Amino acid sequence: MNEVLVKTINLVKNFPIKGGLFSREVASVKAVQNVSLEIYKGETLGLVGESGCGKSTLGRLLLRLIEPTYGSISIRGKNLLEFSRKQLRQARRQMQMIFQDPYASLNPRMTVESILDEPLKVHNIGGNRKARRERIFELLNLVGLRPDSIYRYPHEFSGGQRQRIGIARSIAVHPEFIVADEPISALDVSIQAQIINLMQDLQEKFGLTYLFVAHDLKVIEYISDRVAVMYLGKIVELTFSKEIYKNPLHPYTQALLSAIPVPDPKARKQRIILTGDVPNPIDPPSGCCFHPRCPLDKVEACKSVEPELREVAPGHWVACHLV
Ligand code: SF4
């Protein structure tokens with residue numbers, strides 16, 4: 001699993017805030033800050049953090065659905081930011097997205113057949129109408145929906161079934177890399193495991209690579225090979241899934257893990273309550289971005305020097321002066 005499929009170097013995304021008489025840029029939201037990341041072929045990289053920490057923005061940047069402010073993104077070693085429109089269209093076939101809200105992402109006026117036919121037509125694959133329809137039946141079968149679903153509209157399905165349609169649409173064009181942006185957080189708990197199992201089955205069948213975005217570390221544990229923890233636009237810890245649950249090193253990761261309910265009272269960890277709110281991404285704190293909320297006995301450098309993301313053990317990266 002060491003072939004790098006997607007790589008970012010010092011990726012930055014600032015969203016300008018305009019104001020004043022001439023609509024000049026008066027400030028910017030620092031959504032993603034210097035993210036350098038490698039995603040290996042065939043793995044699931046879980047990306048976790050509180051709402052607004054920049055994880056969805058990072059997912060969209062990787063697919064170039066939005067343009068970065070600085071930095072580079074490559075897929076299979078080719079710089080995505082240098083692609084022409086035509087190259088980008090071809091690359092989009094390889095890179096797809098599963099959205100959080102399956103209802104909002106499906107056109108309510110289109111039948112399932114039209115929804116699944118659209119990417120086949122856009123990418124000019126699947127042959128004539130009859131052959132495309134065969135492919136649509138195949139897709140429905142792969143995601144566990146009945147063939148007669150093709151005549152129905154999104155509102156006629158349950159939330160879980162709608163997400164299955166969203167998944168069918170994302171795999172229609174044989175992608176390699178899928179960004180799943182909180183794909184189960186809008187679903188009932190009873191349905192969540194089914195969707196995760198489906199995604200894992202499809203990954204095995206087609207060798208898919210996932211970036212699985214979630215705000216819940218518990219969900220990520222089950223599906224991810226590695227986990228990256230994000231705080232205020234930065235990756236603060238990155239390691240193998242088992243390692244992060246056994247040996248979390250960054251105090252933010254420790255606090256997130258301590259909030260997961262554990263049924264066995266003996267296995268429960270002491271809850272770490274973080275004080276204060278997440279700082280404003282328009283004006284992030286100096287030094288370590290976590291310092292205003294960090295429960296550890298901080299050192300002077302915490303307030304003035306930004307900690308680097310360092311490899312502290314093989315495959316275990318942490319951004320903290322005290323680790
Ligand atoms: Fe806490 Fe300092 Fe480590 Fe930041 S660098 S997490 S403030 S100890």
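**View 1. The ligand takes up the space of the largest cavity.** On a 1 Å grid over the protein atoms alone, a cavity is a set of points where a 1.4 Å probe fits but cannot get out, and a molecule sits in one if more than half of its atoms lie within 2 Å of its grid points. This is a predicted model, where local features need pLDDT of at least 70 and side-chain atom pairs count only at pLDDT 80 or more, while totals for chains, interfaces and linings use all residues. Residues are numbered from 1 along each chain as its sequence is written, and side-chain values use heavy atoms, with hydrogens and water left out.

**View 2. Here are the residues around the ligand.** Look for His250, Pro251, Cys288, Phe290, His291, Cys294, Leu296, Lys298, Cys302, Cys320, His321 and Leu322; a residue makes the list if one of its heavy atoms lies within 4 Å of the molecule. By type, this shell has eight nonpolar residues, three polar and one charged.

**View 3. The largest nonpolar core has 57 residues.** Ile167, Met199, Leu202, Phe212, Leu217, Val229 and Tyr252 touch the most other members. Helix α7 (residues 189-206) is the top contributor, giving five residues to this core. Both domain 1 (4-224) and domain 2 (251-323) supply at least three residues each. A core like this is a set of buried Ala, Val, Leu, Ile, Met, Phe, Trp, Tyr and Cys residues joined through side-chain atoms within 4.5 Å. Buried means under 20% relative accessible area, exposed over 50%, and partly exposed in between (1.4 Å probe, protein chains only). Helices (H or I, at least four residues) and strands (E, at least two) are DSSP runs, numbered from the N terminus, and domain bounds come from an automatic or database domain assignment.

**View 4. Helix α1 (residues 55-62) is largely enclosed by the rest of the structure, because six of its eight residues are buried.** Those six are Lys55, Thr57, Leu58, Gly59, Leu61 and Leu62. After the helix comes Arg64, in the loop between α1 and β4 (70-75). Arg64 isn't a glycine, yet its phi is positive, near 55 degrees. At 13% relative accessibility, Arg64 counts as buried.

**View 5. His174 has a positive phi of about 55 degrees, although it is not a glycine.** You'll find His174 in the loop between α6 (159-171) and β7 (177-181).

Conventions
On a 1 Å grid over the protein atoms alone, a cavity is a set of points where a 1.4 Å probe fits but cannot get out, and a pocket is an open set with protein on both sides within 12 Å along at least five of seven lines; lining residues have an atom within 4 Å of a point. Ala, Val, Leu, Ile, Met, Phe, Trp, Tyr, Cys and Pro count as nonpolar, Asp, Glu, Lys and Arg as charged, and the others, Gly among them, as polar.
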